[in-house]
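This briefing is for a reader who has not seen the structure before. Please look over the sequence and the model below, then read the notes by topic.

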Amino acid sequence: MKLSKPYRALCGALCAAVLGACASAPALLQKPPTLDELMAKASQAAAGGQREAAIASWRAAAQAFPAEKTPWIQMAQSKYDAGQYGDAIVNAQEVLVRDPNDKLANSIIAISGLRLSTRALGDLSRQNGLSGSLRSESQDLAKLLRESLGEAVLVPAHEKTPVHGNARKAAKRAEEDGNANPFGNLK
């Protein structure tokens with residue numbers, strides 16, 4: 001039986017499509033990485049000094065497992081450690097969406113916010129721009145903060161320059177002390 005040319009072309013295309021589907025089937029059958037696998041990959045990258053690769057892996061984990069807070073807390077801690085306080089706050093807020101009582105996320109937000117505020121107030125002060133209502137509001141906030149901390153001075157004279165600390169250690173120390181004071185790192 002002789003087949004017509006268009007029919008043979010159609011059969012050839014159909015065979016190619018079937019064979020192509022069979023060749024790509026293993027890729028389709030691969031199961032996606034688990035949260036633990038993605039987190040391990042990110043941890044290896046971070047330990048190897050590849051911070052951007054670690055962030056990319058944590059982002060992939062956050063996208064693949066949207067209900068999980070772990071990738072977000074790792075990103076927040078990494079950004080905090082790098083002095084990128086604005087990004088640290090944004091990532092820590094993502095943690096709080098998933099767990100409103102997370103002490104580490106609250107600590108990162110509080111300390112990062114204070115560091116950003118201190119930096120901005122220092123810049124304004126150097127530019128002679130800290131006057132009028134802005135100055136009095138800053139003084140009122142500093143007074144409230146001193147009262148909250150139970151300290152007469154926010155930054156002792158020997159610590160005028162903010163010291164880069166570790167929010168994770170501060171939160172753990174607060175937890176161990178039975179004290180949820182996220183500002184303990186500033187004493």
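Residues 24 or more positions apart account for 57% of the contacts in the chain with a separation of 6 or more, where contact means heavy atoms within 4.5 Å. The model is predicted, so local features need pLDDT of at least 70 and side-chain atom pairs count only at pLDDT 80 or more, while totals for chains, interfaces and linings use all residues. Residues are numbered from 1 along each chain as its sequence is written, and side-chain values use heavy atoms, with hydrogens and water left out.

**Overall make-up**

- The chain has 8 helices and 0 strands; helices (H or I, at least four residues) and strands (E, at least two) are DSSP runs, numbered from the N terminus.
- Of the 187 residues in the chain, 25% are buried, meaning under 20% relative accessible area, with exposed over 50% and partly exposed in between (1.4 Å probe, protein chains only).

**The nonpolar core**

- In soluble globular proteins, nonpolar side chains tend to be buried together.
- The largest nonpolar core holds 24 residues, and Trp58, Ile73, Met75, Tyr80, Ala105 and Ile108 have the most contacts inside it; such a core is a set of buried Ala, Val, Leu, Ile, Met, Phe, Trp, Tyr and Cys residues joined through side-chain atoms within 4.5 Å.
- At least two residues of this core come from each of helix 2 (35–47), helix 3 (51–64), helix 4 (70–81), helix 5 (85–98) and helix 6 (103–126).
- Ala105 is in contact with Ile73, Ala92, Val95 and Leu96, leaving aside its neighbours within four places in sequence.

**Helix 4**

- Helix 4 has 12 residues and spans 16 Å from its first C-alpha to its last, close to the 16 Å expected at 1.5 Å a residue; the expected span is 1.5 Å times one less than the number of residues.
- Because 9 of its 12 residues are buried, helix 4 is largely enclosed by the rest of the structure.
- The buried residues of helix 4 are Pro71, Trp72, Ile73, Met75, Ala76, Gln77, Ser78, Lys79 and Tyr80.
- Lys79 has a relative accessible area of 9%.
- Not counting residues up to four places away in sequence, Lys79 touches Arg51, Ile55, Gln84, Asp87, Ala88 and Asn91.

**How helix 4 packs**

- The axes of helix 4 and helix 5 come within 8 Å and cross at roughly 160 degrees; axes are lines fitted to C-alpha atoms, for helices over the stretch in contact, and angles run from 0 to 180 degrees between N-to-C directions.
- That makes helix 4 roughly antiparallel to helix 5, given that angles under 35 degrees count as roughly parallel, over 145 as roughly antiparallel, 65 to 115 as roughly perpendicular and the rest as oblique.
- Residues of helix 4 that meet helix 5 include Trp72, Met75 and Lys79, and those they face in helix 5 include Tyr85, Asp87 and Arg98.
- Helix 4 and helix 6 pack at an angle of about 30 degrees, with their axes 11 Å apart.
- That makes helix 4 roughly parallel to helix 6.
- Ile73, Ala76, Gln77 and Tyr80 of helix 4 make this contact with Leu104, Ala105, Ile108, Ile111, Ser112 and Arg115 of helix 6.

- Ala82 lies in the loop between helix 4 and helix 5 and is partly exposed, at 39% relative accessibility.
- Ala82 and Arg51 are 31 residues apart in sequence and 9.4 Å apart in space, C-alpha to C-alpha.
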